[in-house]
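Reader: I am new to this structure. Can you walk me through how to read its main features?

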Amino acid sequence: MRADRILRARVRHAWDNTANPVVGRAHTQWDVVRGVPHVVSRVVDDPAAPTVGYRGFHQGLANVLQLTDVLRARSFPGRVEWTTEAPSRSARRASRQETADIELVGAPSGTVLSSPGEATVVLPFRVHLVVRTPDLATVRAHVSKRERPRFNESLRHERFRPRIVRDEASVVDFFHRMHRPTMQARHAEKSRTESLEAAVLLASRGGLFLSDDADGPVAGCLYTVRRGVFTTRLLGVRDGADEHYDSGAFKALYHLMMQHCALADGLETMDLFGTEAFCSKGIYQWKRRLGAAVVEAPNHFGSKQLLMSVTRDRPGVRRFLVENPVLARMPRDVTLHGSPPAADAALRPLRFVDTGLSPGHPVATTARGLEPELTVDLDTFLAAPASIAPRRTV
């Protein structure tokens with residue numbers, strides 16, 4: 001593998017993953033310069049579906065707007081179209097027709113881009129989910145009651161056996177046979193991932209954790225280890241096939257990695273890596289059942305935020321909000337009309353409710369590290385100037 005590509009991968013890894021706050025702020029300011037214009041996502045031929053707009057950090061197109069497309073499709077399936085629009089601030093204020101129903105803005109933490117009359121809430125751009133692994137008894141106790149039987153079954157090693165490798169040939173095979181097919185199967189043309197050089201670099205800073213069945217490796221995960229933290233990175237199952245989710249191989253991989261961390265000397269924490277601040281996302285639901293605590297992102301994403309503003313009160317908008325609770329940054333004692341976020345602002349789940357809508361199967365929001373859930377009535381939230389964010393335009 002070419003040395004120059006490995007060097008670029010090292011620089012990129014340090015730039016994206018360092019916990020140094022100075023570098024994090026510099027990264028955030030650089031991303032402001034590289035920001036994307038206003039992009040609006042619509043469900044073609046379904047006027048009832050809410051439109052969602054995004055602007056700001058370029059990472060938001062893949063991390064945020066694609067996710068809201070997936071969440072919206074649960075109630076409003078159909079072909080999605082993205083259009084790029086860049087209305088001036090004056091035009092945006094004068095004509096609501098140039099905004100989406102729900103506007104999402106990626107911006108540096110502490111800035112609020114809201115207009116008078118919009119219902120707004122500030123979310124972290126990304127969060128991490130971490131599991132404390134001082135010993136196996138603690139890990140087992142924190143796993144949810146729903147997940148614990150499968151967790152115990154995985155640890156008996158009757159079907160899937162753990163193995164750690166670090167040689168480049170195994171990493172290359174994993175990348176092409178497991179990781180890339182899995183990303184393609186899950187995200188199709190919107191698939192995104194690291195380069196092969198980055199994968200080799202990750203393995204050199206930790207390893208490749210494999211779960212084997214009778215036919216060989218069936219699931220795997222690249223990981224790094226630094227200062228007692230085992231951080232999961234690129235995952236995959238053999239050929240990206242759905243059967244390995246149905247068989248329990250994917251879940252067993254996580255269970256076996258948790259056992260490894262609990263039994264290894266010096267590994268006190270397992271970082272399950274990042275996710276967006278929408279509690280209905282499948283990966284959030286899965287990792288919270290493993291007993292993970294929600295924390296601010298330790299890299300540059302920790303100095304970023306996502307402002308969510310609702311510009312129109314429509315039935316489709318209300319359904320989207322009711323079905324998708326979020327994690328918000330707010331003071332611990334905030335009320336609906338509360339004061340601006342304080343320096344000690346905490347992460348708190350927000351559940352929107354509407355007496356006219358059936359909640360269906362309510363999405364669980366609770367997780368370690370979070371403040372108690374706040375229930376927000378949509379009639380109150382959407383009545384201007386109701387807001388869960390300070391009102392200043394920058």
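Author: Start with a term. A nonpolar core is a set of buried Ala, Val, Leu, Ile, Met, Phe, Trp, Tyr and Cys residues joined through side-chain atoms within 4.5 Å. Keep in mind that this is a predicted model.

Reader: Which residues touch the most other members in the largest nonpolar core?

Author: The general idea comes first. In soluble globular proteins, nonpolar side chains tend to be buried together. Here the largest core has 79 residues. Tyr54, Leu123, Tyr254, Val294 and Met308 have contact with the most other members. Helix H10, residues 249–263, supplies the largest share of this core, with 10 residues. There is also a second, separate core of 14 residues. Among its members are Val165, Met178, Val200 and Leu202.

Reader: Now the charges. How many salt bridges are there?

Author: Side chains of opposite charge can pair when their charged atoms come close. The cut-off is a side-chain nitrogen of Lys or Arg within 4 Å of a carboxyl oxygen of Asp or Glu. By this rule there are 22 salt bridges. One of them joins Glu147 and Lys251, at 3.8 Å from N to O.

Reader: Why does the pair of Glu147 and Lys251 tie together parts of the chain?

Author: Look at where each partner sits. Glu147 is in the loop between helix H5 (136–142) and helix H6 (148–155), while Lys251 is in helix H10, so the pair links parts that are 104 residues apart in sequence. Glu147 is buried, at 2% relative accessibility. Lys251 is partly exposed, at 27%.

Reader: What about Arg163 and Asp212?

Author: Their side chains form a salt bridge at 2.8 Å, N to O. Arg163 belongs to strand E7 (residues 161–165) and Asp212 to strand E8 (residues 206–213), so this pair ties together parts 49 residues apart in sequence. Arg163 is partly exposed, with a relative accessible area of 34%. Asp212 counts as buried, at 11%.

Reader: Which residues are linked in a network of salt bridges?

Author: Asp313, Arg318, Asp354 and Asp379 are linked that way.

Reader: Where does negative charge gather in a patch on the surface?

Author: Look at Asp239, Asp242, Glu243 and Asp246. These residues form a patch of negative charge on the surface. Glu243 lies in helix H9, residues 243–246.

Reader: Is Glu243 buried or exposed?

Author: Exposed means over 50% relative accessible area. Glu243 has 52% relative accessibility, so Glu243 counts as exposed.

Note on methods. Residues are numbered from 1 along each chain as its sequence is written. This is a predicted model: local features need pLDDT of at least 70, side-chain atom pairs count only at pLDDT 80 or more; totals for chains, interfaces and linings use all residues. Side-chain values use heavy atoms; hydrogens and water are left out. Patches are made of residues with over 30% relative accessible area and no salt bridge: like charges are joined within 9 Å, nonpolar side chains (Val, Leu, Ile, Met, Phe, Trp, Tyr) within 5 Å. Accessible areas come from the Shrake-Rupley method with a 1.4 Å probe; for residues, only the protein chains shown count as cover. Lys and Arg count as positive and Asp and Glu as negative; His and the chain ends are not counted. The place of a charge is taken as NZ of Lys, CZ of Arg, CG of Asp or CD of Glu. Helices (H or I, at least four residues) and strands (E, at least two) are DSSP runs, numbered from the N terminus. Buried means under 20% relative accessible area, exposed over 50%, partly exposed in between (1.4 Å probe, protein chains only).
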